[in-house]
Amino acid sequence: MAAYYFGVYHWRRRFRSVASATGMMCLAALFRRRWSLGSTALAAALAIGATARGIRALSRVLSPPPWTIERYKYNALAARLPLGESECVLDVGCGTGRSLVGLAPHLPSSATVLGLDVFDDRVILGNAPGLARRNAAIAGLDAMPIEGDGTCLPIASGSVDTVAACRVLHDLPAASIDPALRELHRVCGTDGVIGVLELPLTPEGVDADPESYWRERVLDAGFETERLDRVDRRGRDDQYVLLIARPT
Ligand SMILES: C[S@@+](CC[C@H](N)C(=O)[O-])C[C@H]1O[C@@H](n2cnc3c(N)ncnc32)[C@H](O)[C@@H]1O
(Lines give C-alpha, C1' and ligand atoms only; values in the text may rest on other atoms or scores of the structure.)
Protein backbone atom coordinates (compact mmCIF):
# COMPACT_ATOMS: atom_id res chain seq x y z
CA MET A 1 0.00 0.00 0.00
CA ALA A 2 1.34 3.45 -0.94
CA ALA A 3 2.23 5.71 1.98
CA TYR A 4 1.81 9.47 1.58
CA TYR A 5 2.96 12.38 3.68
CA PHE A 6 0.50 15.28 3.57
CA GLY A 7 2.34 17.58 5.99
CA VAL A 8 2.55 18.00 9.76
CA TYR A 9 -0.98 19.48 9.85
CA HIS A 10 -2.63 16.07 9.58
CA TRP A 11 -0.53 14.63 12.39
CA ARG A 12 -0.98 17.47 14.91
CA ARG A 13 -4.33 16.42 16.45
CA ARG A 14 -3.14 12.82 16.58
CA PHE A 15 0.13 13.80 18.28
CA ARG A 16 -1.84 15.73 20.92
CA SER A 17 -4.01 12.78 21.93
CA VAL A 18 -1.06 10.34 21.93
CA ALA A 19 0.94 12.81 24.08
CA SER A 20 -1.86 13.24 26.64
CA ALA A 21 -2.37 9.45 26.95
CA THR A 22 1.38 8.95 27.41
CA GLY A 23 1.49 11.74 30.01
CA MET A 24 -1.27 10.10 32.05
CA MET A 25 0.43 6.71 31.89
CA CYS A 26 3.71 8.23 33.15
CA LEU A 27 1.84 9.92 35.99
CA ALA A 28 0.14 6.65 36.98
CA ALA A 29 3.49 4.82 36.96
CA LEU A 30 5.06 7.57 39.09
CA PHE A 31 2.28 7.39 41.70
CA ARG A 32 2.55 3.61 41.89
CA ARG A 33 6.32 3.65 42.41
CA ARG A 34 6.70 6.62 44.73
CA TRP A 35 3.72 6.45 47.06
CA SER A 36 1.75 3.58 48.46
CA LEU A 37 -1.70 2.84 49.93
CA GLY A 38 -3.82 6.01 49.42
CA SER A 39 -2.05 6.78 46.18
CA THR A 40 -2.62 3.29 44.81
CA ALA A 41 -6.27 4.16 44.17
CA LEU A 42 -5.21 7.35 42.42
CA ALA A 43 -2.64 5.43 40.36
CA ALA A 44 -5.33 2.91 39.38
CA ALA A 45 -7.72 5.73 38.36
CA LEU A 46 -4.97 7.37 36.33
CA ALA A 47 -4.12 4.06 34.68
CA ILE A 48 -7.77 3.51 33.71
CA GLY A 49 -8.00 7.05 32.34
CA ALA A 50 -4.73 6.62 30.47
CA THR A 51 -5.89 3.32 28.94
CA ALA A 52 -9.14 4.93 27.74
CA ARG A 53 -7.19 7.85 26.27
CA GLY A 54 -4.70 5.44 24.72
CA ILE A 55 -7.47 3.53 22.96
CA ARG A 56 -9.00 6.79 21.72
CA ALA A 57 -5.60 8.05 20.55
CA LEU A 58 -4.97 4.82 18.66
CA SER A 59 -8.33 4.95 16.95
CA ARG A 60 -7.65 8.59 15.98
CA VAL A 61 -4.26 7.73 14.54
CA LEU A 62 -5.80 4.99 12.46
CA SER A 63 -9.10 6.49 11.30
CA PRO A 64 -7.99 6.96 8.63
CA PRO A 65 -4.20 6.67 9.03
CA PRO A 66 -2.67 10.02 8.00
CA TRP A 67 -0.45 8.35 5.41
CA THR A 68 -3.53 7.23 3.42
CA ILE A 69 -6.47 9.06 1.89
CA GLU A 70 -10.19 8.44 2.01
CA ARG A 71 -10.83 7.90 -1.67
CA TYR A 72 -14.62 7.74 -1.70
CA LYS A 73 -15.17 11.52 -1.99
CA TYR A 74 -12.69 11.94 -4.86
CA ASN A 75 -14.16 8.85 -6.54
CA ALA A 76 -17.60 10.45 -6.31
CA LEU A 77 -16.29 13.63 -7.95
CA ALA A 78 -14.30 11.74 -10.61
CA ALA A 79 -17.33 9.61 -11.51
CA ARG A 80 -19.21 12.78 -12.48
CA LEU A 81 -16.42 14.47 -14.46
CA PRO A 82 -15.26 13.56 -17.99
CA LEU A 83 -11.69 13.03 -16.77
CA GLY A 84 -10.97 10.22 -19.23
CA GLU A 85 -11.38 12.63 -22.16
CA SER A 86 -9.57 15.57 -20.58
CA GLU A 87 -6.31 16.82 -22.03
CA CYS A 88 -5.68 19.41 -19.34
CA VAL A 89 -6.96 19.14 -15.78
CA LEU A 90 -6.58 21.77 -13.08
CA ASP A 91 -6.88 20.89 -9.38
CA VAL A 92 -7.32 24.28 -7.77
CA GLY A 93 -6.35 24.36 -4.07
CA CYS A 94 -4.50 21.05 -4.37
CA GLY A 95 -2.58 21.65 -1.10
CA THR A 96 -0.13 18.87 -0.28
CA GLY A 97 -1.67 16.70 -2.99
CA ARG A 98 -4.53 14.84 -1.32
CA SER A 99 -7.02 15.59 -4.12
CA LEU A 100 -4.39 14.94 -6.81
CA VAL A 101 -3.85 11.51 -5.27
CA GLY A 102 -7.62 10.97 -5.10
CA LEU A 103 -8.12 11.87 -8.76
CA ALA A 104 -4.99 10.07 -10.03
CA PRO A 105 -6.57 6.67 -10.85
CA HIS A 106 -9.19 8.42 -13.02
CA LEU A 107 -6.81 10.51 -15.11
CA PRO A 108 -5.41 9.40 -18.48
CA SER A 109 -1.60 9.29 -18.58
CA SER A 110 -1.70 11.66 -21.58
CA ALA A 111 -3.39 14.46 -19.60
CA THR A 112 -1.52 17.53 -18.40
CA VAL A 113 -2.34 17.86 -14.71
CA LEU A 114 -1.88 21.19 -12.94
CA GLY A 115 -2.11 21.56 -9.17
CA LEU A 116 -2.54 25.16 -8.07
CA ASP A 117 -2.32 26.40 -4.51
CA VAL A 118 -1.14 29.40 -2.54
CA PHE A 119 1.13 26.90 -0.76
CA ASP A 120 1.08 29.02 2.38
CA ASP A 121 3.14 27.10 4.90
CA ARG A 122 1.81 29.32 7.71
CA VAL A 123 -1.75 28.08 7.22
CA ILE A 124 -1.02 24.39 6.64
CA LEU A 125 2.41 23.40 7.98
CA GLY A 126 4.31 21.58 5.27
CA ASN A 127 2.13 22.89 2.40
CA ALA A 128 4.59 23.14 -0.49
CA PRO A 129 4.72 22.43 -4.24
CA GLY A 130 7.34 19.71 -3.75
CA LEU A 131 5.06 17.76 -1.43
CA ALA A 132 2.13 18.00 -3.87
CA ARG A 133 4.33 16.77 -6.70
CA ARG A 134 5.81 13.94 -4.61
CA ASN A 135 2.46 12.64 -3.38
CA ALA A 136 1.04 12.80 -6.90
CA ALA A 137 4.08 10.88 -8.18
CA ILE A 138 3.55 8.13 -5.56
CA ALA A 139 0.02 7.83 -6.97
CA GLY A 140 1.50 7.50 -10.48
CA LEU A 141 0.66 11.02 -11.58
CA ASP A 142 3.05 13.49 -13.16
CA ALA A 143 1.47 16.68 -11.81
CA MET A 144 2.78 20.20 -12.25
CA PRO A 145 2.36 22.30 -9.08
CA ILE A 146 1.73 26.00 -9.67
CA GLU A 147 2.03 28.56 -6.90
CA GLY A 148 -0.77 31.09 -7.27
CA ASP A 149 -3.98 32.56 -5.96
CA GLY A 150 -7.32 31.09 -6.98
CA THR A 151 -8.70 34.60 -7.53
CA CYS A 152 -6.06 35.45 -10.12
CA LEU A 153 -4.98 32.28 -11.89
CA PRO A 154 -1.64 32.37 -13.74
CA ILE A 155 -3.22 30.16 -16.43
CA ALA A 156 -4.26 31.05 -19.99
CA SER A 157 -7.94 31.55 -20.81
CA GLY A 158 -9.71 28.52 -22.26
CA SER A 159 -6.68 26.26 -21.73
CA VAL A 160 -8.18 23.78 -19.25
CA ASP A 161 -10.80 21.09 -19.99
CA THR A 162 -11.68 20.12 -16.45
CA VAL A 163 -11.30 21.95 -13.15
CA ALA A 164 -11.60 20.25 -9.76
CA ALA A 165 -12.04 22.43 -6.68
CA CYS A 166 -11.98 20.08 -3.71
CA ARG A 167 -12.69 21.53 -0.26
CA VAL A 168 -11.02 24.81 -1.15
CA LEU A 169 -13.68 27.45 -1.79
CA HIS A 170 -14.97 27.58 1.80
CA ASP A 171 -11.40 28.51 2.85
CA LEU A 172 -11.54 31.75 0.85
CA PRO A 173 -12.93 34.99 2.30
CA ALA A 174 -16.54 35.51 1.18
CA ALA A 175 -15.52 38.44 -1.05
CA SER A 176 -13.09 36.20 -2.97
CA ILE A 177 -15.57 33.45 -3.88
CA ASP A 178 -17.09 35.17 -6.93
CA PRO A 179 -13.71 36.32 -8.35
CA ALA A 180 -12.34 32.78 -7.87
CA LEU A 181 -15.29 31.17 -9.67
CA ARG A 182 -15.06 33.73 -12.49
CA GLU A 183 -11.40 32.76 -12.86
CA LEU A 184 -12.40 29.10 -13.17
CA HIS A 185 -14.91 30.17 -15.83
CA ARG A 186 -12.17 32.06 -17.71
CA VAL A 187 -9.61 29.24 -17.72
CA CYS A 188 -12.01 26.50 -18.72
CA GLY A 189 -13.46 28.40 -21.68
CA THR A 190 -16.77 27.49 -23.27
CA ASP A 191 -16.25 23.72 -23.52
CA GLY A 192 -14.87 23.10 -20.07
CA VAL A 193 -16.44 21.69 -16.95
CA ILE A 194 -15.90 22.28 -13.26
CA GLY A 195 -16.43 19.96 -10.33
CA VAL A 196 -16.82 21.50 -6.89
CA LEU A 197 -16.56 19.21 -3.88
CA GLU A 198 -17.38 21.26 -0.82
CA LEU A 199 -17.73 20.65 2.87
CA PRO A 200 -21.20 21.53 4.13
CA LEU A 201 -19.86 24.96 5.06
CA THR A 202 -20.06 28.51 3.83
CA PRO A 203 -17.22 31.06 4.10
CA GLU A 204 -16.74 32.80 7.42
CA GLY A 205 -19.46 35.37 8.08
CA VAL A 206 -21.95 33.89 5.59
CA ASP A 207 -25.09 32.42 7.12
CA ALA A 208 -26.79 30.38 4.40
CA ASP A 209 -27.64 26.83 3.45
CA PRO A 210 -24.36 25.53 1.92
CA GLU A 211 -26.02 23.72 -0.99
CA SER A 212 -28.03 26.78 -2.10
CA TYR A 213 -25.10 29.09 -1.42
CA TRP A 214 -22.59 27.17 -3.59
CA ARG A 215 -25.13 26.63 -6.34
CA GLU A 216 -25.92 30.35 -6.48
CA ARG A 217 -22.26 31.37 -6.48
CA VAL A 218 -21.53 28.98 -9.36
CA LEU A 219 -24.53 30.25 -11.36
CA ASP A 220 -23.54 33.88 -10.76
CA ALA A 221 -20.08 33.17 -12.17
CA GLY A 222 -21.64 32.18 -15.50
CA PHE A 223 -22.05 28.41 -15.16
CA GLU A 224 -25.10 26.21 -15.42
CA THR A 225 -25.47 23.32 -13.04
CA GLU A 226 -25.27 19.90 -14.65
CA ARG A 227 -25.52 17.94 -11.41
CA LEU A 228 -25.91 18.73 -7.76
CA ASP A 229 -25.47 15.85 -5.32
CA ARG A 230 -24.82 15.18 -1.67
CA VAL A 231 -22.16 12.68 -0.66
CA ASP A 232 -22.22 11.17 2.83
CA ARG A 233 -19.17 12.05 4.92
CA ARG A 234 -17.83 8.89 6.49
CA GLY A 235 -18.00 8.94 10.27
CA ARG A 236 -20.08 12.15 10.26
CA ASP A 237 -23.74 12.98 10.15
CA ASP A 238 -23.43 15.58 7.41
CA GLN A 239 -22.69 15.44 3.68
CA TYR A 240 -20.39 16.96 1.08
CA VAL A 241 -21.95 19.17 -1.58
CA LEU A 242 -20.89 18.00 -5.04
CA LEU A 243 -21.59 20.29 -7.96
CA ILE A 244 -20.81 19.75 -11.64
CA ALA A 245 -21.25 22.81 -13.84
CA ARG A 246 -20.48 24.02 -17.36
CA PRO A 247 -20.07 27.54 -18.68
CA THR A 248 -23.27 28.89 -20.20
C1 LIG B 1 -8.62 21.93 2.95
S2 LIG B 1 -7.31 22.13 1.80
C3 LIG B 1 -7.88 21.08 0.49
C4 LIG B 1 -6.74 20.39 -0.19
C5 LIG B 1 -7.16 19.36 -1.22
N6 LIG B 1 -7.81 19.96 -2.36
C7 LIG B 1 -8.03 18.28 -0.61
O8 LIG B 1 -9.08 17.93 -1.16
O9 LIG B 1 -7.64 17.74 0.44
C10 LIG B 1 -7.62 23.75 1.10
C11 LIG B 1 -6.48 24.25 0.27
O12 LIG B 1 -6.87 25.46 -0.35
C13 LIG B 1 -5.74 26.29 -0.43
N14 LIG B 1 -6.16 27.69 -0.63
C15 LIG B 1 -6.70 28.52 0.28
N16 LIG B 1 -6.92 29.73 -0.28
C17 LIG B 1 -6.49 29.66 -1.56
C18 LIG B 1 -6.44 30.58 -2.65
N19 LIG B 1 -6.87 31.84 -2.52
N20 LIG B 1 -5.93 30.16 -3.83
C21 LIG B 1 -5.48 28.89 -3.98
N22 LIG B 1 -5.51 27.97 -2.98
C23 LIG B 1 -5.99 28.35 -1.79
C24 LIG B 1 -5.02 26.06 0.88
O25 LIG B 1 -3.66 26.44 0.81
C26 LIG B 1 -5.22 24.55 1.06
O27 LIG B 1 -4.13 23.85 0.54
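1. A residue is called buried here if 20 or more other C-beta atoms lie within 10 Å of its own, exposed if 12 or fewer do, and partly exposed in between, with C-beta atoms placed from the backbone. By this criterion, 38% of the 248 residues of the chain count as buried. The model is predicted: local features need pLDDT of at least 70 and side-chain atom pairs count only at pLDDT 80 or more, while totals for chains, interfaces and linings use all residues. Residues are numbered from 1 along each chain as its sequence is written.

2. Overall layout. The chain contains 7 helices and 7 strands; helices (H or I, at least four residues) and strands (E, at least two) are DSSP runs numbered from the N terminus. Their order from the N terminus is α-α-α-β-α-β-α-β-β-α-β-α-β-β. Along the principal axes, the C-alpha atoms fill a box of roughly 80 × 40 × 30 Å.

3. Domains. The chain is divided into domain 1 (9–61) and domain 2 (72–247), with bounds that come from an automatic or database domain assignment. The centres of domain 1 and domain 2, taken over C-alpha atoms, are separated by 41 Å.

4. Contacts along the chain. Two residues are in contact if their C-beta atoms, placed from the backbone, lie within 7 Å. Among contacts between residues at least 6 apart in sequence, 72% join residues at least 24 apart.

5. Nonpolar cores. A nonpolar core is a set of buried Ala, Val, Leu, Ile, Met, Phe, Trp, Tyr and Cys residues joined through C-beta atoms within 7 Å. The largest has 59 residues, and those with the most contacts inside it are Leu 90, Leu 100, Val 163, Ala 165, Leu 184 and Ile 194. Apart from this core lies another, of 8 residues, among them Met 24, Ala 28, Ala 50 and Ala 57. Leaving aside residues up to four places away in sequence, Ile 194 touches Val 163, Ala 165, Leu 184, Cys 188, Phe 223 and Ala 245. In soluble globular proteins, nonpolar side chains tend to be buried together.

6. Helix H3. In helix H3 (residues 72–80), the buried residues are Lys 73, Tyr 74, Leu 77 and Ala 78. These residues lie on the same side of H3, because they cover an arc of only 135° around the axis; the arc is that of the directions from the helix axis to the C-beta atoms. The elements covering them include helix H4 (98–103), S4, strand S5 (193–198), strand S6 (223–232) and strand S7 (239–247).

7. Helix H5. The buried residues of H5 are Leu 131, Ala 132, Asn 135 and Ala 136. They share one side of H5, since their arc around the axis is only 130°. Their cover includes H4, S2 and S3. Just after H5, Gly 140 takes a positive phi of about 85°.

8. Helix H7. Tyr 213, Trp 214, Arg 217 and Val 218 are the buried residues of helix H7 (residues 210–220). An arc of only 125° around the axis puts them on the same side of H7. The face turned away from this buried side carries the exposed residues Ser 212, Glu 216 and Asp 220. Among the elements covering the buried residues of H7 are H6, S5, S6 and S7. H7 is followed by Gly 222, with a positive phi near 100°.

9. Most residues other than glycine have a negative phi, and most peptide bonds are trans. Phe 119, although not a glycine, has a positive phi of about 45°. Phe 119 is found in the loop between strand S2 (112–117) and helix H5 (129–138) and is buried, because 21 other C-beta atoms lie within 10 Å. Arg 167, also not a glycine, has a positive phi of about 55°. Arg 167 lies in the loop between S4 and helix H6 (174–188) and counts as partly exposed, with 17 C-beta neighbours inside 10 Å.

10. Leu 153. This residue is found in the loop between strand S3 (143–147) and strand S4 (162–166). Leu 153 is buried, because 22 other C-beta atoms lie within 10 Å. Not counting residues up to four places away in sequence, Leu 153 touches Leu 116, Gly 148, Glu 183 and Val 187.

11. Ligand surroundings. The ligand is surrounded by 19 residues, the closest being Gly 93, Gly 95, Arg 98, Gly 150 and Cys 166; a residue is near a molecule if its C-beta atom, placed from the backbone, lies within 6 Å of it. By class, this shell has 7 nonpolar, 6 polar and 6 charged residues. Ala, Val, Leu, Ile, Met, Phe, Trp, Tyr, Cys and Pro count as nonpolar, Asp, Glu, Lys and Arg as charged, and the others, Gly among them, as polar.
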